[in-house]
Amino acid sequence: MAIEKITMPQLGESVTEGTISKWLVSVGDHVNKYDPLAEVMTDKVNAEVPSSFSGTIKELIAGEDDTLPVGEVICLIEVEGTVPQKEQKTSDKTVEESAPKTADSQSNKSRYSPAVMRLSQEHNINLDTVTGTGAGGRITRKDILAVIEKGGAAEVKETPASTVQPAAPVAAAAPKTQQLAAPVVSAAGDQEIPVTGVRKAIAANMLRSKHEIPHAWTMVEVDVTNLVSYRDSLKAEFKQKEGFNLTYFAFFVKAVAQALKEFPQMNSMWAGDRIVQKKDINVSIAVATDDALFVPVIKQADEKTIKGIAREITELAQKVRTGSLKSEDMQGGTFTVNNTGSFGSVQSMGIINYPQAAILQVESIVKRPVIIDNMIAVRDMVNLCLSLDHRVLDGLVCGRFLARVKEILESTSKENTSVY
C-alpha cells in the first residue's frame with residue numbers, strides 16, 4: 001500500500017486559502033477517484049474537493065472549520081500498490097505532519113501566507129502575539145481580520161516582548177474597541193443565529209475590500225423610457241419563443257460591457273506595484289439567496305447579444321438557487337454589475353468585489369416628473385451608482401464611462417437596438 005496526499009486546491013484567482021466547511025468522508029471509508037471528499041469554502045465560492053485516487057481514507061489532517069492555505073495537505077489516502085520506500089517516507093512525513101496536533105508542537109505557527117503577511121504589516125500587527133486557529137497553530141487571514149475587528153494592531157512591533165505583559169495587547173486595544181462597537185449581549189427572547197461558513201467568507205471578503213480599497217462613489221440619472229417601452233413590447237413573445245425572460249437587467253449588462261470596451265481603464269485591477277488592465281470583459285453579476293450572496297460571471301460579455309446575456313443571467317441565477325454553481329462559474333470576473341433595483345432600492349453604494357476596481361449598482365426604474373423642452377413630463381428613470389477604487393480610477397474616466405453607459409441606454413429603442 002502507498003499513502004497519497006490530498007491538498008487544498010486553488011478554487012479561484014487570487015484565492016490563497018480555503019476553509020473545510022464539511023467532511024463528506026470519514027477515516028476508513030473507501031473512495032473512488034473523483035468522489036467528493038469535502039466541501040470547501042473560500043471568499044469566492046463553495047465547492048467540493050474530489051479525490052485524486054481510489055483507496056481508503058487514512059487520516060483527516062484538517063478539521064471542519066479549519067482554514068488552510070492552498071497546497072496544504074488536508075487528508076491522506078491509502079491506495080493500492082507496493083511501494084515500500086515511498087510508503088516509509090510518506091509514513092515518516094505523516095508523523096511529522098501530524099505532530100502539530102500535539103500540545104508541544106507549533107511548527108506551523110511561524111509559516112505565514114502572503115495575505116497574512118500583507119495584512120499584518122498594513123495594520124502593524126505583531127504576528128508573535130496572534131493565536132492561530134489553522135492546522136498546527138498556523139495563523140490564517142481570518143485570525144488577522146479578527147484582530148483588526150477588535151481594534152487593530154495587537155502590539156507595536158518595536159516594543160520588546162519582555163516588556164509586554166500577556167494582557168497588554170487587549171488592554172491597549174480596549175478603548176478603540178469600545179469606540180468601534182459595544183459588546184453584544186443576548187437578552188431574553190433574542191434569537192442567536194450561528195454564522196455559516198458562507199456568511200463568514202462574505203464577511204471576510206467585504207472586510208478585506210473596505211480595509212484595502214479606498215472607495216469613492218458617483219451616480220448618474222438615466223431616462224430609460226424608450227428602453228422600458230421596447231422591452232415591454234417584446235417580453236411576452238420573447239418568453240414564448242426562447243423559454244426564458246427578457247429582463248431589463250440584460251440591457252444594462254450589455255450597455256456596461258459595450259462601455260467597458262470603449263473605456264478599458266475601468267476593466268482594471270490593482271496589483272501593488274502595477275495596474276493590470278484586463279483584456280477580457282467578464283461581467284460579474286450579484287445573485288442573492290436567503291442567506292448568502294454569490295457573484296457568478298458572464299464571460300466575454302461584450303461579444304454576446306442581449307438575448308445571450310439574458311440566457312446566461314437566467315442560467316447562472318438558477319445554478320445559484322439550486323446549489324449547482326461551480327467554481328469555474330465564479331472565476332475571471334473583471335467588473336461587477338449589481339441589480340439592487342430588484343428589491344426596490346433607488347440609491348446605494350456598493351462594496352467593490354475584490355480585486356476588481358469598480359462595481360455598478362443598477363437601481364429601481366421609477367416614474368418621475370422631468371423637464372423636457374420646458375414642460376413637465378412623466379418618464380421612466382433609473383439611477384446608476386458607481387463605487388470605484390481610487391488607486392486605479394479617477395473621477396474623469398469614471399464620469400465619461402457613466403456618461404457613455406447613459407447614452408447607450410437612453411438610445412435603446414425598437415429602431416436602434418436588436419436583442420438578437
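Trp-217, Met-219 and Met-349 together make a nonpolar surface patch of about 270 Å². The model described here is predicted. This briefing considers that patch, an open sheet, a loop residue and a helix.

**The surface patch**
- One member of the nonpolar patch, Trp-217, lies in strand E9, which covers residues 215-223.
- Trp-217 has a relative accessibility of 33% and therefore counts as partly exposed, since that class lies between the buried limit of under 20% and the exposed limit of over 50%.

**The open sheet**
- An open sheet is formed by 4 strands, in the order E1-E8-E6-E3, with antiparallel pairing.
- Strand E1 (2-7) and strand E3 (30-31) are the edge strands, as each of them pairs on one side only.
- In general, the strands of a sheet pair through backbone hydrogen bonds, and the pairing may be parallel or antiparallel.
- Strand E3 is joined to strand E6 (residues 55-60) by 2 bridges, and these strands run antiparallel.
- Within this pairing, Val-31 has Gly-55 of E6 as its bridge partner.
- Strand E6 is also joined to strand E8 (residues 73-79), here by 5 bridges, and the two run antiparallel.
- Ile-57 stands opposite Ile-77, a residue of E8.

**A loop residue**
- Phe-343 is found in the loop that runs between strand E16 (335-338) and strand E17 (358-362).
- The relative accessible area of Phe-343 is 63%, so this residue is exposed; the cut-off for that class is over 50%.
- Between Phe-343 and Glu-363 there is a separation of 20 residues in sequence, while their C-alpha atoms are 8.8 Å apart in space.

**Helix H9**
- Helix H9 comprises 16 residues (residues 395-410), which at 1.5 Å a residue should span 22 Å.
- The buried residues of H9 are Val-397, Cys-398, Phe-401, Leu-402, Arg-404, Val-405, Ile-408 and Leu-409.
- Viewed down the axis of H9, these buried residues fall within an arc of 155 degrees, and they therefore line one face of the helix.
- Gly-395 and Leu-396, on the other side of H9, are exposed.

Note on methods:
Residues are numbered from 1 along each chain as its sequence is written. This is a predicted model: local features need pLDDT of at least 70, side-chain atom pairs count only at pLDDT 80 or more; totals for chains, interfaces and linings use all residues. Side-chain values use heavy atoms; hydrogens and water are left out. Patches are made of residues with over 30% relative accessible area and no salt bridge: like charges are joined within 9 Å, nonpolar side chains (Val, Leu, Ile, Met, Phe, Trp, Tyr) within 5 Å. Accessible areas come from the Shrake-Rupley method with a 1.4 Å probe; for residues, only the protein chains shown count as cover. A salt bridge is a side-chain nitrogen of Lys or Arg within 4 Å of a carboxyl oxygen of Asp or Glu. Buried means under 20% relative accessible area, exposed over 50%, partly exposed in between (1.4 Å probe, protein chains only). Two strands pair if DSSP finds at least two bridges between them. The expected span of a helix is 1.5 Å times one less than its number of residues. The arc is that of the directions from the helix axis to the C-beta atoms.
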